[in-house]
Amino acid sequence: MDLNPWERRQKILEALCLRRHDTYGNLAHEFNVSTGTIRRDIVVLTCSYPIETVQGGHGGVRVAEWFHLDRRMLNAEEIALLRRLGESLDGHDREMLNRIIAVFSH
């Protein structure tokens with residue numbers, strides 16, 4: 001499996017969404033990269049997705065229980081509509097809408 005970093009990160013995210021939890025070593029073996037590369041990929045993914053590192057005997061990385069990857073992403077027209085609607089919001093509601101747009105516009 002020879003993936004570029006973006007493709008690999010998408011596959012890692014998909015794997016985590018299916019398994020909910022995995023180890024860095026297992027992911028490194030599966031994607032034929034070093035554990036350091038997986039760690040860097042996880043850092044990038046945590047900027048946009050609810051992924052966290054788990055310490056201890058069953059340590060590794062996991063995705064939040066409530067998060068499930070929706071394979072359908074928003075198109076440019078849908079994003080523009082949400083941004084226009086967001087202009088009428090403020091505070092927490094606007095922040096929440098911006099997070100939703102960020103997650104579904106990748």
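**Loops, strands and rings**

Reply: Happy to! Arg-20 sits in the loop between α1 (5-19) and β1. Keep in mind that this is a predicted model.

Me: What is the phi of Arg-20?

Reply: Phi of Arg-20 is near 75°, a positive value in a residue other than glycine. Asn-32 also has a positive phi, of about 55°, although it is not a glycine.

Me: And where is Asn-32?

Reply: Asn-32 is in the loop between α2 (24-31) and α3.

Me: Is Asn-32 buried or exposed?

Reply: Asn-32 counts as exposed, because its relative accessibility is 67%.

Me: OK, new topic: strands. Which way do β1 and β3 run?

Reply: Strand β1 (residues 21-22) and strand β3 (residues 60-63) run antiparallel, and two bridges join them. For one of the contacts, look at His-21: its bridge partner in β3 is Arg-62.

Me: How many bridges join β2 to β3?

Reply: Four bridges join strand β2 (residues 51-54) to β3, and these two strands run antiparallel. Here Thr-53 has Val-61 as its bridge partner in β3.

Me: Good to know. How many disulfides are there?

Reply: The structure holds zero disulfides. Cys-17 is in none, and the nearest cysteine sulfur, that of Cys-47, is 16 Å away.

Me: Now the aromatics. How many aromatic pairs does the structure hold?

Reply: The structure holds two aromatic pairs. One of them is Tyr-49 with Phe-67, an edge-to-face pair at 5.8 Å centre to centre, with 65° between the planes. This pair links distant parts of the chain, 18 residues apart. Tyr-49 is in the loop between α3 (35-46) and β2, while Phe-67 is in the loop between β3 and α4 (76-86).

Me: Are Tyr-49 and Phe-67 buried or exposed?

Reply: Tyr-49 is buried, with a relative accessible area of 5%. Phe-67 is buried too, with a relative accessible area of 8%.

Me: How are the rings of Trp-66 and Phe-67 arranged?

Reply: Their centres are 6.0 Å apart and their planes are at 90°, so the pair is edge-to-face.

Me: Is Trp-66 buried or exposed?

Reply: Trp-66 is exposed, with a relative accessible area of 64%.

Me: Which residues form the aromatic cluster?

Reply: Tyr-49, Trp-66 and Phe-67 form one aromatic cluster.

Me: Last one: what lies over the face of Tyr-24?

Reply: That would be Arg-39, at 4.0 Å from the ring centre of Tyr-24.

Me: Great, thanks for the tour!

Conventions: Residues are numbered from 1 along each chain as its sequence is written. This is a predicted model: local features need pLDDT of at least 70, side-chain atom pairs count only at pLDDT 80 or more; totals for chains, interfaces and linings use all residues. Side-chain values use heavy atoms; hydrogens and water are left out. Two strands pair if DSSP finds at least two bridges between them. A disulfide is a pair of cysteine sulfur atoms within 2.5 Å. Rings of Phe, Tyr and Trp (its six-membered ring) pair if their centres lie within 6.5 Å; planes under 30 degrees apart count as stacked, over 60 as edge-to-face and the rest as tilted. Buried means under 20% relative accessible area, exposed over 50%, partly exposed in between (1.4 Å probe, protein chains only). A charge sits over a ring if NZ of Lys or CZ of Arg is within 6 Å of the ring centre and within 35 degrees of the ring normal.
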